[in-house]
Amino acid sequence: MYELNEAALQAPTNLGIVWWAPILYIVSFVVLGLLSRTKIKYTYFVPIIVSFISIGIFITVFSTYVSHSWERYSCDTIGVCWNGIDPWFVIGDIQMHFGAIIDGLTVTMLGLITIVGSLVIIYSVSYMHDDPRKTWYFSCISFFIAAMLFLVLANNLLLIYVAWELVGLGSYLLIGFWYGKQTAVDAAKKAFITTRIGDVGLMVGILILGTSFTTSSGAIGTFHIPDIILAAQQGMYSTSELNWGCLLIFLGAMGKSAQFPLHIWLPDAMEGPTPVSALIHAATMVTAGIYLTARLFPLYEISTIALTVVTVIGLITAIIAASMALVMNDLKKILAYSTVSHLGLMIFGIGTGGYAAAMLHLVAHGFSKALLFLSAGNIMHSLHEETDIRKMGNLRHYMPITTICFLIGALSLSGIPPLSGYFSKDMLLHGVTHGKIDFTNIYFLLSLGFIFLSSLYMTRVFILVFWSKSTTEYKDIHEAPKTMNIPIIILTFFSIVFGIITCLIYQDTLLDIMHLVTWGFLDTPLHFEFDLILTILSVGFALSGIIAGYFLYQENYVNKSVFNSGLFKSLNSLISQKYYLDDAYNWIVSNVVNKVTAIVSYIDRAFVNDIGINSPGEAIRATSNKLRYIQTGKVYNYALFIVLSISVIVLIWIFLETGKIL
Amino acid sequence: MGELSLIHIQIASIVLFSIGIYGVLSRRNAVLILLAIELMLNAVNLNLIGVSAFLDQSRFLGHILIIFIITIAAAEVALALAIVLKLYKEKRNTDVDKLDVLKW
């Protein structure tokens with residue numbers, strides 16, 4: 001296969017250092033896993049040190065990448081690939097190299113994962129302080145981060161698939177960490193099974209893309225991403241192969257990135273420890289689907305059907321999840337639906353071609369959402385695991401630092417300048433409008449609606465938790481300890497400056513990084529461009545959401561009874577019941593899946609088991625039951641039988657030799 | 001009668017072998033069955049040494065082989081007699097008619 005992409009194999013070897021990031025996390029996983037039954041304290045220093053080293057590795061790789069090798073990346077290579085010289089394994093014509101892609105996408109993801117990962121680990125030290133199984137907790141977190149690092153480094157789809165499943169396993173272990181709680185066990189299973197449904201599609205899609213074209217030299221297929229992309233651009237796939245491959249891979253991304261209708265697992269994943277939620281929502285789990293779609297974006301550029309599906313699914317997810325975030329009463333669930341909604345926005349952004357904007361939003365949202373979740377962790381820590389926002393209120397007097405940080409995170413997600421969420425949202429809108437604002441563009445209108453909704457629910461959470469009068473009496477409430485606040489403050493800092501740095505100060509360097517894999521088939525915005533009308537529109541919708549939220553939830557301007565009558569009531573109950581999706585899945589499982597499996601299992605039992613396997617056995621048993629009476633146990637009977645048989649054999653032999661008997 | 005030739009030895013061997021078969025089939029005593037088996041073995045030995053002596057006069061392969069067979073047969077008989085002895089100690093009996101438990 002290497003005639004396709006020789007150049008990608010020749011890489012600066014010093015970038016091989018990047019492998020040490022996942023390897024060290026694996027070491028941390030193994031060491032802490034072995035120590036998890038012992039009573040050794042302070043085991044958490046291992047992952048903390050590892051996470052600092054991995055941040056160092058990220059900085060090294062980042063600076064090497066930025067400083068060196070700009071000119072070499074023309075449109076026909078996909079950044080740097082670092083490969084072992086010997087193949088990992090060979091099947092027929094397919095050579096598999098255990099290698100990494102290091103391009104702008106990977107470097108971006110590396111930064112997000114290592115930074116958020118280390119902050120979450122530091123935060124967890126205080127949060128999980130009293131948990132007797134915290135060594136195992138840190139072990140699982142190391143494993144989770146290691147799997148995600150493998151996923152973003154992998155240069156071929158098979159390796160990505162392996163890492164993809166490992167990420168799923170990590171999420172399963174962490175969501176179900178408190179396995180004493182039935183809800184946690186259910187949530188872990190739900191997350192695992194729902195993402196598995198998508199993974200089936202992912203596997204079939206990978207196999208379609210990996211095996212269905214033949215090169216000029218007769219070699220069949222490859223799983224190397226750069227080669228696949230080149231093959232697609234050279235037209236080696238038929239249209240249907242490419243469409244099916246892209247759609248099925250996107251099914252996997254839908255499962256992992258919680259896109260409608262496979263989003264149902266993410267809100268339930270709240271049952272894990274809160275730092276884990278921060279990790280899942282910001283850096284490791286749900287970003288995998290966005291990453292994969294972005295990584296294979298050149299394929300989606302070619303397959304227009306798949307690209308349309310991506311766009312529509314993303315938009316549906318964004319709007320539906322935002323509406324659900326508006327009516328939930330559980331603090332973490334609101335944040336979870338907010339994540340689903342923003343993931344939908346990212347997918348939608350990729351679909352409209354604003355691929356770099358989607359990655360930018362991924363990072364900006366990652367910082368803000370990790371910040372929000374860790375703040376929620378602070379609140380729950382002080383309120384003894386209370387998560388119902390109707391029972392909260394007025395917390396700004398008790399937890400000022402958390403309040404300020406939460407406010408900044410919420411404003412960033414609402415898209416208020418100059419916070420980072422504003423820049424990424426604006427770039428996404430650029431991708432939607434392609435430079436000219438057109439109010440007949442349904443995508444554009446719906447994304448403005450999304451902005452309104454997202455600032456509305458953020459205002460609702462903020463007011464109900466921090467501002468409005470408290471309905472319950474707080475006992476011994478206090479601000480969180482320093483070790484928990486420092487990671488939050490660092491994340492706040494990133495939320496504030498990330499957008500300014502990438503989009504204003506260093507945009508020539510940093511934004512261009514994210515553009516290396518596009519081929520310019522779509523008219524994507526390459527730089528952050530300040531468009532006054534667009535800014536006024538997006539900020540205006542965000543502000544109107546905030547103002548509406550203020551009057552609705554703080555001043556009670558509109559009588560709440562309006563929501564309990566007529567159209568509003570049915571709408572409200574529709575959304576509060578999560579659009580009856582969970583019920584629909586339950587109905588399908590109990591009425592369709594279980595019935596079908598009952599039929600299948602009956603066929604298996606009646607035909608395969610009873611007739612196919614048991615009946616020959618029964619026949620043999622019955623025959624031998626009759627035949628065993630031949631055995632008399634008397635020695636001379638056997639002897640006589642031997643003598644007679646030998647005589648017969650001798651006679652036959654004589655007959656065969658001479659042609660006559662005697 | 002003339003000189004001793006191969007056919008005489010073979011006839012003797014067949015007679016000996018048939019006596020052995022008859023013994024195995026008709027005796028009830030385990031020791032006698034063993035004796036009959038030894039008879040059959042030696043009939044075969046006789047046949048072998050006759051053929052060797054008359055047809056392969058330049059070498060002594062048959063003779064050497066016979067020595068081996070006799071040695072091994074001695075060991076085998078010792079083993080068989082030990083089994084019979086053990087059987088007798090267990091069952092107070094060496095009648096093969098009554099030793100028919102090893103069946104279905």
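Student: Leaving aside neighbours within four places in sequence, which residues is A:Leu448 in contact with?
Tutor: Keep in mind that this is a predicted model, where local features need pLDDT of at least 70, side-chain atom pairs count only at pLDDT 80 or more, and totals for chains, interfaces and linings use all residues. Residues are numbered from 1 along each chain as its sequence is written, and chains are lettered from A and ligands numbered from 1 in the order in which they are written. Contact means that the C-beta atoms of two residues, placed from the backbone, lie within 7 Å. By that rule, and leaving aside neighbours within four places in sequence, A:Leu448 touches A:Leu537 and A:Phe541.

Student: Is A:Leu448 buried, partly exposed or exposed?
Tutor: A residue is buried if 20 or more other C-beta atoms lie within 10 Å of its own, exposed if 12 or fewer, and partly exposed in between, with C-beta atoms placed from the backbone. A:Leu448 has 18 other C-beta atoms within 10 Å, so A:Leu448 is partly exposed.

Student: Which residues of helix 8 of chain A are buried?
Tutor: Helix 8 (residues 225–233) of chain A is mostly covered, with seven of its nine residues buried. After this helix comes A:Gly235, with a positive phi near 75 degrees. The buried residues of helix 8 of chain A are A:Ile225, A:Pro226, A:Asp227, A:Ile228, A:Ile229, A:Ala231 and A:Ala232.

Student: How do helix 5 and helix 6 of chain A pack, roughly parallel or roughly antiparallel?
Tutor: Axes are lines fitted to C-alpha atoms, for helices over the stretch in contact, and angles run from 0 to 180 degrees between N-to-C directions. Under 35 degrees counts as roughly parallel, over 145 as roughly antiparallel, 65 to 115 as roughly perpendicular and the rest as oblique. Helix 5 (residues 134–153) and helix 6 (residues 157–175) of chain A pack at about 155 degrees, with their axes 8 Å apart. That makes helix 5 of chain A, relative to helix 6 of chain A, roughly antiparallel.

Student: How many charged residues are in the contact of helix 5 with helix 6 of chain A?
Tutor: Ala, Val, Leu, Ile, Met, Phe, Trp, Tyr, Cys and Pro count as nonpolar, Asp, Glu, Lys and Arg as charged, and the others, Gly among them, as polar. The contact between helix 5 and helix 6 of chain A includes A:Phe143 and A:Phe144 from helix 5, and A:Trp164 from helix 6. Its residues divide into 15 nonpolar, two polar and, for charged, none.

Student: Which element of chain A has the highest mean pLDDT?
Tutor: pLDDT is the predictor's confidence in each residue, from 0 to 100. For chain A the mean is 80, and 85% of its residues reach 70 or more. Among its elements, helix 1 (residues 6–9) of chain A is lowest at 43, and the highest, at 90, is helix 5 of chain A.

Student: How many contacts beyond four places in sequence does the model have for residues 70–83 of chain A?
Tutor: Over that stretch pLDDT stays under 50. For residues 70–83 of chain A, the number of contacts beyond four places in sequence is 40.

Key: Helix = DSSP H or I, 4+ residues; strand = E, 2+ residues; numbered from the N terminus.
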